[in-house]
Amino acid sequence: MLRFAEEIMLLLLEDEGKRFLNVPDASLRYALAGGVLMDLAMEDRIDTDLDRLILVDPTPLDDDLLDPVLADIAAATAPNDARYWVEQAASGAYRTREAAMERLVARGVLERREDRFLWMFRSRRYPMVDGEAELEVKLRIMEVLFADVVPTPRDVVIICLADACGIFTELLSGEDLREVQPRIELVRRMDLIGRAVVAAVRDIWRFGRSTAG
């Protein structure tokens with residue numbers, strides 16, 4: 001099973017994996033941060049209430065996407081709320097993004113090619129090796145939004161994070177987004193596991209984003 005960070009990166013791939021959607025940097029950072037915390041919640045490592053994020057089990061998962069954030073939470077000397085930990089996880093979003101892409105390459109989902117541009121910078125492009133893997137996450141989300149398919153808990157998380165971070169404004173046309181907005185609102189109400197995390201991401205996105213990253 002892919003982690004949320006991996007699925008978020010696949011969701012943003014376009015043109016058979018040749019490029020990413022041009023989402024704002026903050027959108028990606030907070031989506032990845034929320035995804036890491038959501039995975040920790042689903043692994044029963046953390047829980048949340050209205051006032052704080054709670055460490056349930058500090059045992060590492062042997063997972064390079066999740067364990068660094070879990071270690072930070074375990075090492076904290078005072079309780080903090082979900083917003084605090086979203087901000088902390090977002091500060092390591094570059095590492096999370098790179099780790100997610102490396103794992104997708106290692107899984108054989110993507111292949112990496114080194115390209116040299118005229119200004120002598122090196123850019124890594126990730127064409128799809130297995131197109132079904134990209135379609136799987138995108139088709140799941142689009143079927144939930146446009147075909148009223150019942151979402152799985154993981155679908156709910158992806159939709160809530162994409163909505164909270166404004167990713168749907170880049171992923172969908174304005175007309176399509178208006179059409180599915182009631183469905184997005186319905187799906188948002190289904191989120192039980194990470195409501196505090198998604199609320200924190202939405203609050204940060206709307207009312208004040210840090211520059212950490």
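E7 is buried, at 4% relative accessibility (buried: under 20% relative accessible area; exposed: over 50%; partly exposed: in between; 1.4 Å probe, protein chains only). Its salt-bridge partner is R140, with the closest N and O atoms 2.8 Å apart. R140 is buried too, at 18%.

This is a predicted model: local features need pLDDT of at least 70, side-chain atom pairs count only at pLDDT 80 or more, and totals for chains, interfaces and linings use all residues. Residues are numbered from 1 along each chain as its sequence is written, and side-chain values use heavy atoms, without hydrogens and water.

**Salt bridges**
- The count is 18 salt bridges (a side-chain nitrogen of Lys or Arg within 4 Å of a carboxyl oxygen of Asp or Glu).
- A network of salt bridges links R3, E6, D39, E43, D63, D64, R103 and R154.
- D49 and R52 form a salt bridge at 3.7 Å, N to O. D49 is partly exposed at 32%, and R52 is partly exposed at 39%.
- R97 and E98 form a salt bridge at 3.4 Å, N to O. R97 is partly exposed at 26%, whereas E98 is buried at 16%.

**Charges over rings**
- R154 lies over the face of F4, 3.9 Å from the ring centre (NZ of Lys or CZ of Arg within 6 Å of the ring centre and within 35 degrees of the ring normal).
- R29 sits over the face of Y30, at 5.1 Å from the ring centre.

- W85 is buried, at 5% relative accessibility.
- Y84 is partly exposed, with a relative accessible area of 34%.
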